[in-house]
Every structure is written in C-alpha cells, then in structure tokens.
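Subject: Structure handover

Hello,

Here is the structure I said I would pass on. My notes on it follow below.

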Amino acid sequence: MTRYDLFRRRIAPIAFGVAIALLARESCNKREHADATFAFDFGSAATRVQSIDVELYDHGDFLSHFHRDALAGATIGPTRFIAALPDADGEVRIDVSLPTGVRHIVRPFHADDGATVTIPLERDLQ
C-alpha cells in the first residue's frame with residue numbers, strides 16, 4: 001500500500017469526520033445574540049445636553065460606540081440607536097456633555113432580542 005492509498009483510505013475519512021464534528025460543535029455552542037434598541041431619556045435636562053457618547057460592553061469586552069451632538073442652538077432631541085449584542089446582559093457607559101461639564105454614568109442592562117432598553121438619565125444630569 002502506497003502513502004497515497006493510506007491517506008485516501010484511512011486518514012482522509014478520519015480528518016473529514018473530525019472537521020464535520022468541529023463545525024457541528026461550533027454551530028451548537030455559538031452564543032445567542034440579540035438586536036436591541038437603546039433609548040436615552042434626558043427628561044427636563046434635554047435642553048442642556050450638548051452631546052452624548054455611549055459605549056456598550058459585554059463581560060468587559062467592548063462591543064459598540066455611539067455619539068450624537070446637539071445642533072447649535074437646538075436641543076439634542078430623541079436619542080436612540082440599535083446594537084447587535086452577543087449576549088443579553090452587559091454594561092452601558094455614558095458620557096453626557098453639559099454646559100457645566102461631562103457626567104459619566106455606568107449602568108448594567110438586560111436586553112432580549114427586539115427589545116427597547118430605555119435608560120432614564122434625568123436624575124443623573126441634575
């Protein structure tokens with residue numbers, strides 16, 4: 001039996017089976033993901049908000065960044081964005097620029113697929 005025959009008859013089928021098993025395992029163990037909408041409620045402080053920077057983290061890993069500025073002489077208006085999350089739980093880190101300075105806010109979140117996560121910020125911005 002030549003080396004080619006040995007490879008073709010014995011090693012190739014085993015390698016193919018191992019590859020299929022690894023692909024099946026990866027497919028089954030893939031973490032669920034969620035697409036969620038994050039909405040920020042500034043309340044009465046909306047007239048003073050100049051900009052907002054948002055970062056999403058999942059178990060300490062950076063996921064996404066969002067930035068929005070208010071137009072000169074206008075309020076920031078409704079602020080929301082959609083994010084794809086590898087896990088339903090995480091942390092949102094928010095920096096809000098006000099005329100008096102920047103406020104840093106950290107909040108945990110839980111978001112199911114298709115959910116809208118509303119984060120009230122009025123108390124933190126007063």
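Which residues make a nonpolar surface patch of about 290 Å²? The patch is made by Ile14, Val18 and Leu22. Please keep in mind that the model is predicted. Val18 lies in helix H1, which covers residues 3-29. Its relative accessibility is 46%, so Val18 counts as partly exposed.

Next, the sheet. Four strands make up an open sheet, in the order E3-E2-E5-E6, with antiparallel pairing. The edges are taken by strand E3 (61-69) and strand E6 (101-110); each has a single partner strand, so one side of each has no neighbour in the sheet. From one strand to the next, the twist averages 15°. Strand E5 (residues 89-98) and E6 run antiparallel and are joined by 10 bridges. Val96 stands opposite Arg103 in E6.

Then the aromatic rings. There are five aromatic pairs in the structure. Phe40 and Phe81 form a stacked pair, because their ring centres are 6.1 Å apart and their planes are at 15°. This pair links distant parts of the chain, with Phe40 in strand E1 (residues 34-41) and Phe81 in strand E4 (residues 79-85), 41 residues apart. Phe81 also forms a stacked pair with Phe66, at 4.6 Å centre to centre and 10° between the planes. Here Phe66 is in strand E3 and Phe81 in strand E4, 15 residues apart. Are these two residues, Phe66 and Phe81, buried or exposed? Both are buried, and Phe40 is buried as well. One aromatic cluster is formed by Phe38, Phe40, Phe66, Phe81 and Phe109.

Regards

Key. Residues numbered from 1 in each chain as written. Predicted model: local features only at pLDDT ≥ 70, side-chain atom pairs only at ≥ 80, totals over all residues. Heavy atoms only, no water. Patch = residues over 30% accessible without salt bridge, like charges linked within 9 Å, V, L, I, M, F, W, Y side chains within 5 Å. Areas by Shrake-Rupley, 256 points an atom, 1.4 Å probe, with all protein chains shown as cover. Salt bridge = Lys/Arg side-chain N within 4 Å of Asp/Glu carboxyl O. Helix = DSSP H or I, 4+ residues; strand = E, 2+ residues; numbered from the N terminus. Buried < 20%, exposed > 50% of the residue type's maximum accessible area, 1.4 Å probe, protein only. Pairing = 2+ DSSP bridges. Axes fitted to C-alpha atoms, helices over the stretch in contact; angles between N-to-C directions. Phe/Tyr/Trp six-rings, centres within 6.5 Å; stacked < 30°, edge-to-face > 60°.
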